[in-house]
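Please keep the sequence and the 3D view open side by side as you read.

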Amino acid sequence: MQKQLLWFRQDLRIQDHTALWHAAQSGPVIALVILSPEQWRMHDDAPIKLDFYLRQIQAIQQELASIQIPLIIRTVPLWENIAAEIDQLCQKLDIENVHANIECGVNELNRDFQVQTQLNQSNRDLVLYHDRTLFPVGSIRNKSNQPYQVFGAFKKYCYEQLSISIPQCFPIPETQALNDAIDVGELNNNSLPTLAELGFIFNPNQINKQWQIGEQYALNVLDDFIENKVRHYQLERDFPQIEATSQLSAYLNIGILSIRQCFNALFRAQFGHFSIDHVGQQTWLDELLWREFYQHILFDFPRVSKHLPFKMPTQQLQWRDAPNDLSAWQTGQTGIPIVDAGMRQLLHTGWMHNRIRMVVAMFLTKNLLIDWRLGEQWFMQHLIDGDLAANNGGWQWCASTGTDSVPYFRIFNPISQSQKFDAQGDYIRQWVPELAHLDAKTIHEPYAKNPNIELNYPKPIVDLKQSRIRAIEAFKQI
């Protein structure tokens, strides 16, 4: 059996890894990771996410060693040069084929097409597998053989398929025989460059402790969520001060955890049968399917990864050019406490509660009438779980430019959201400490009833009622 090359991308695990399992059935495996710092910068990848990625590479290097698979680490700054690099590596190692899991962005698909073309010239192949989604992208179609554009219909189709069977996980490949072990020492010193050596500035402080790496850690977090939190998920998930969400998005994003592992854990008590026992289980199931939906949208409607809206008429929207307002939003100085709390949480931790993500996104796109693409970019530059499909889908939903988006005339009032989901102001007090001394009624809009109160905190940069009217008029124009 000839040697196979496994190319890791956003799938840094050895458990339930589709491409790894299939590659191991075809022959002895050599693993490859390619670091592309210039491409990451072009894609606005956050330093905290890249740090997380590099730390997980160290972990998976040890996991691979335990099953006698060597890992080659290469730095190729731009994806346009990857095809030549992989082709040369295959020739030196006498590789039969390269195996990898599909990625759906336009640039990712173009990169893989270039690799495929280059390998075919030397009678090799790039074998791609569906792994990031529960169902293969391009496979879910309506009765007219067209992709779904509405989540409800997409979800119904998924429910029907899941009722037939829940996709199962792939086992870890058997340990390679020692006589199959491959010495790649002359091709690779196995050293992993630091983030600083790759040209990124990042001071982790205490953040690394919050975002631990490792497959077993991620599986433990998943199990804890299923056993102790999912039953109350529907009731508690919208309250930012309660630790009620799964906290798994970062692990799903770079593939420390697979979507199949999540589904198998969710239906473990039902012995793997698609049987919904309580509303919390169904609510998290639907959240996983939203993630699935946006991955399929990214593949079926590639314009969304080209900075274009899903609803093309909204390309004509007249967004405001307001750099001072944008800066105030980015730094958590808008004078709207719940918005500022969310933006400061993002800057400090690389993560933001999902309800608050919607609040701050709608505030930027509706109350400030600033282009959603600027918000999407800022999130990608700071989120540890920044995923192209999910981030784009969420921003376009809030901006009323995307699939299933909120109607443009339904605009979250951030004060009402704050009063409903952070009634006592605990979340605001944590992230906006200059307001910590205020009572639960005043903290949501401190200047409303006492405009002369002296606080080390800005007054609102926009009138919520007037800005709502402005947004509605702007949408009516198209």
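Ser405 is in contact with Lys311, Gln396, Trp397 and Ser400, leaving aside its neighbours within four places in sequence; contact here means heavy atoms within 4.5 Å. This is a predicted model, in which local features need pLDDT of at least 70 and side-chain atom pairs count only at pLDDT 80 or more, while totals for chains, interfaces and linings use all residues. Residues are numbered from 1 along each chain as its sequence is written, and side-chain values use heavy atoms, with hydrogens and water left out.

Ser405 belongs to the loop between α17 (388-399) and α18 (414-421). Helices (H or I, at least four residues) and strands (E, at least two) are DSSP runs, numbered from the N terminus. Is Ser405 buried or exposed? Ser405 is buried, because its relative accessible area is 11%; buried means under 20%, exposed over 50% and partly exposed in between, with a 1.4 Å probe and protein chains only.

The side chain of Ser405 takes part in a polar contact of 3.0 Å with the side chain of Lys311. It also reaches the backbone oxygen of Gly402, at 3.0 Å. A polar contact is a pair of N or O atoms within 3.5 Å; within protein, one must be able to donate a hydrogen and the other to accept it, and residues adjacent in sequence count only if both atoms are side-chain atoms.

Ser400 lies in the loop between α17 and α18, and its phi is near 65°, a positive value in a residue other than glycine. With 5% relative accessibility, Ser400 counts as buried. Asp404 is placed in the loop between α17 and α18 and has a positive phi of about 60° although it is not a glycine. Asp404 counts as partly exposed, because its relative accessibility is 28%.

Arg13 sits in the loop between β1 (3-8) and α1 (18-26). Its relative accessibility is 2%, so Arg13 counts as buried. The side chain of Arg13 reaches the backbone oxygen of Gln15 at 3.0 Å, and a polar atom of that side chain lies 2.9 Å from the backbone oxygen of Gly255. Not counting residues up to four places away in sequence, Arg13 touches several residues, including Phe8, Ile60, Asp131 and Glu215.

Arg74 is found in strand β3 (residues 71-75). Arg74 counts as buried because its relative accessibility is 16%. What does the side chain of Arg74 make a polar contact with? The partner is the side chain of Glu85, at 2.4 Å.

**Pairs separated in sequence**

| Pair | Apart in sequence | C-alpha to C-alpha |
|---|---|---|
| Arg74 and Val33 | 41 residues | 6.3 Å |
| Arg303 and Val106 | 197 residues | 8.5 Å |
| Asn120 and Asp87 | 33 residues | 9.6 Å |

Arg303 is located in the loop between α12 (279-300) and α13 and counts as partly exposed, at 25% relative accessibility. Asn120 lies in helix α5 (residues 106-120) and is partly exposed, with a relative accessible area of 40%.

How do the axes of helix α13 (residues 323-331) and helix α14 (residues 337-349) cross? They come within 7 Å and cross at roughly 65°, which means that α13 is roughly perpendicular to α14. Axes are lines fitted to C-alpha atoms, for helices over the stretch in contact, and angles run from 0 to 180 degrees between N-to-C directions. Angles under 35 degrees count as roughly parallel, over 145 as roughly antiparallel, 65 to 115 as roughly perpendicular and the rest as oblique.

In this helix pair, Trp329, Gln330 and Thr331 of α13 meet Val339, Met343, Arg344 and Leu347 of α14.
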